[in-house]
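Colleague: I'm new to reading protein models, and I'd like a close look at one part of this one. Could you walk me through it slowly?

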Amino acid sequence: SGKEQADVVVPTSGGRYDVHLRARQRVAVYWDEEVSEVRRCTWFYKGEKDNKFIPYSESFSEELEEAYMIAVTLGEWKKKLESPNREVIILHNPKLMVHYHPVASSDDWVSTPTEQGRPRTVKRGVENIAVEIPNGEPLQIDHLVFVVHGIGPACDIRFRSIVQCVNDFRNVSLSMLQAHFKKAQEQQQVGRVEFLPVNWHSSLHSTGVDVDLERITLPSINRLRHFINDTILDVFFYNSSTYCQTIVDTVASEMNRLHQLFLQRNPQFKGGVSIAGHSLGSLILFDLLTNQKADPEEDEHCAQGSRTTPSTGGIEEVKEILEKLELSEYCDVFEKEKMDRQALFLCTEKNLKEMGIPLGPRMKILHYISSKTEMKVCFLHGLCSCHHITSHSIPLTQGPLSSLNMPLSQVSANYPQLNYKPTIFFAFGSPIGMFLTVRGVKRIDPNYSLPTCKGFFNIYHPFDPVAYRIEPMIVPDLEFEPMLLPHHKGRKRMHLELKEGLTRMSVDLKNNLLGSLRVAWQSFTRSPVPALEAGSTEAEAEAEAGTEKQPDTKAEEPPAAVKEETPLINVGRLNGGNRIDYVLQEKPIESFNEYLFALQGHLCYWESEDTVLLVLKEIYQTKGITLDQPLPGSQ
């Protein structure tokens with residue numbers, strides 16, 4: 001039984017921590033964190049300025065309990081005990097026990113305990129202690145979301161870590177589920193969504209690069225330079241081929257590790273997996289997702305205008321490659337071996353030799369494979385090109401690529417593969433659009449979609465200085481607003497409604513004023529007409545009345561046009577045909593000075609109810625579960 005006692009481990013906090021009862025330790029499961037102490041609390045004290053009872057250590061509680069039981073049994077009170085910190089506890093009677101502060105000095109003039117200021121109250125047991133024990137999280141986990149941080153170790157304005165920020169995000173999600181999915185919870189259709197942080201910053205800075213940077217950093221403005229080295233330089237590291245490889249390897253391996261560990265601890269889990277990235281983290285995830293290998297069947301199924309069935313499409317593409325290399329006579333050999341495009345790019349010289357391909361053709365094929373493989377490690381494969389095979393595109397293992405439009409200034413990296421296919425990719429305050437533009441990508445083809453992830457949402461605050469839009473890169477010829485993220489309480493913020501109302505009013509006043517001035521000017525400059533032309537004068541008056549009414553008509557048209565325009569915009573297949581860009585509503589205080597709240601705008605997503613609600617809505621929508629009440633303006 002002693003051995004069993006030693007092995008007792010209790011999962012707590014939704015399974016994210018394990019409590020080892022014998023060692024009295026609380027250990028984080030999914031991330032590195034300092035081990036915290038667990039106490040079995042039986043004796044407490046409370047000072048004059050304390051707002052709650054604080055537990056004594058277990059060893060000293062045992063001493064207090066022993067002294068208390070002796071006093072109760074023998075009826076001998078006024079017992080004095082000294083704690084390890086030389087603090088004095090006196091047991092006057094069962095209802096009066098006090099704790100005095102430690103003695104400041106130990107000379108002959110030491111004051112008596114009663115002269116050391118107001119003592120603390122000592123209490124035995126938890127009875128009558130007003131402690132709010134929080135309700136545990138639902139046991140049922142419906143979906144798993146990995147969250148990748150941006151630059152630096154701190155993720156919000158309070159310089160908290162990714163673990164603390166994701167804890168906030170998770171807590172907000174629990175309250176949003178209770179508020180907006182109450183019916184589904186009552187029917188036990190909804191449990192909760194688990195959010196797990198992914199940390200890559202510590203791995204990058206453990207490579208020894210900090211020592212090298214310290215050696216060349218100037219001594220002036222030391223704190224600012226240290227801050228830059230620890231945060232902003234992460235962007236430059238990601239644009240370096242050496243450190244970019246370290247970052248993508250860390251992110252992918254960490255997400256795979258967390259996924260495997262989560263499944264081990266939750267064998268009954270049947271839900272999907274989504275990923276979310278903040279700032280630079282969203283760019284890292286986007287690069288990873290664009291370089292994932294889709295199943296050949298899915299590739300062919302997604303190809304627009306495919307000329308063959310999925311089973312034979314890959315073989316037909318191999319024929320096209322062989323014809324281009326003037327090796328058509330070997331088509332039958334490859335067809336006999338059921339060699340499709342993906343299999344061709346996995347071939348080695350030994351494989352080709354076993355197939356009976358002579359040395360000359362072998363060299364041609366291997367050279368072709370190696371040249372295209374070198375190109376495919378660049379950032380995007382099908383982003384600048386059509387998603388179907390054309391006369392200018394070359395089939396690759398990880399997706400088609402236009403050799404004419406391929407940006408060649410990308411950072412080369414071998415992107416690892418994830419062990420799962422993400423359901424949705426959420427980007428918070430993301431610079432993806434800017435980085436694509438800087439890399440030379442002018443337009444994303446409307447037919448392009450991420451190989452293994454069919455959902456993509458770009459969520460940003462209007463004052464976020466790091467965020468950029470994605471939709472104008474897909475539809476560059478059309479100007480349109482992003483989707484306004486509905487407020488979680490179901491309406492626009494009052495100051496935005498007021499602003500819209502005032503804008504509409506000013507437009508109406510301007511149009512009416514211009515119309516009145518135009519009519520007055522025309523009547524002033526018109527030459528006098530004879531009485532015989534009264535009929536024509538009436539016609540002119542009608543025309544003038546028409547010109548007066550015209551501005552009103554124009555003023556009313558834009559709101560209606562905007563309402564009709566939103567559902568008609570085709571933003572391609574990057575998010576399955578749905579809108580991609582979603583903008584948060586700024587708070588009233590933020591609207592006074594957008595520059596003042598720019599930094600806060602970039603770090604606001606962790607506690608944003610509107611952001612969390614959109615994430616939950618889209619995740620549960622894939623399971624056929626909707627909000628109790630649809631929010632106005634949502635898709």
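What follows is a close look at strand S11 and then at what lies around and beyond it. Which strands pair with S11 in the parallel sense, and where is Phe-159 placed?

Modeller: Happy to. Keep in mind that this is a predicted model.

Let's start with S11, which covers residues 141-148. Eight of the eight residues of S11 are buried, so the strand is largely enclosed by the rest of the structure. "Buried" here means under 20% relative accessible area. Now for the partners. Strands of a sheet pair through backbone hydrogen bonds, either parallel or antiparallel. S11 pairs with strand S12 (residues 192-198) in the parallel sense, over seven bridges. To find that pairing on your screen, pick Ile-141 and look for its bridge partner in S12, Arg-192. S11 also pairs in the parallel sense with strand S13 (residues 272-278), this time over six bridges. There, Leu-144 has Val-273 of S13 as its bridge partner.

Next, follow the chain on from S11. The loop between S11 and helix H3 (162-180) holds Phe-159. Is that residue buried or exposed? Phe-159 has a relative accessible area of 62%, so it counts as exposed, the cut-off being over 50%. Phe-159 also belongs to a nonpolar surface patch of about 710 Å², together with Ile-221, Leu-224, Phe-227, Ile-228, Ile-232 and Phe-236. The biggest giver to that patch is helix H7 (residues 222-230), with three residues.

H3 leads us to another loop. Val-163, numbered within the 162-180 span of H3, is touched by Glu-33, which also touches Tyr-17 and Ala-28. Glu-33 sits in the loop between strand S3 (25-28) and strand S4 (36-37). Along the chain Glu-33 and Val-163 are 130 residues apart, yet their C-alpha atoms are separated by 9.4 Å. With a relative accessible area of 36%, Glu-33 is partly exposed.

In strand S17 (residues 455-460), six of the six residues are buried. Both faces are covered: Gly-455, Phe-457 and Ile-459 are on one side, with Phe-456, Asn-458 and Tyr-460 on the other. S17 runs parallel to strand S16 (residues 424-428), joined by five bridges, and Ile-424 stands opposite Gly-455.

Last stop: Val-475, in the loop between helix H18 (471-474) and strand S18 (483-484). Its relative accessibility is 16%, so Val-475 counts as buried. Among the residues Val-475 touches are Asn-570 and Val-571. The C-alpha atoms of Val-475 and Asn-570 are separated by 7.9 Å, although the two residues are 95 apart along the chain.

Key:
Residues are numbered from 1 along each chain as its sequence is written. This is a predicted model: local features need pLDDT of at least 70, side-chain atom pairs count only at pLDDT 80 or more; totals for chains, interfaces and linings use all residues. Side-chain values use heavy atoms; hydrogens and water are left out. Patches are made of residues with over 30% relative accessible area and no salt bridge: like charges are joined within 9 Å, nonpolar side chains (Val, Leu, Ile, Met, Phe, Trp, Tyr) within 5 Å. Accessible areas come from the Shrake-Rupley method with a 1.4 Å probe; for residues, only the protein chains shown count as cover. A salt bridge is a side-chain nitrogen of Lys or Arg within 4 Å of a carboxyl oxygen of Asp or Glu. Helices (H or I, at least four residues) and strands (E, at least two) are DSSP runs, numbered from the N terminus. Buried means under 20% relative accessible area, exposed over 50%, partly exposed in between (1.4 Å probe, protein chains only). Contact means heavy atoms within 4.5 Å. Two strands pair if DSSP finds at least two bridges between them. Lists of a residue's contacts leave out its neighbours within four places in sequence.
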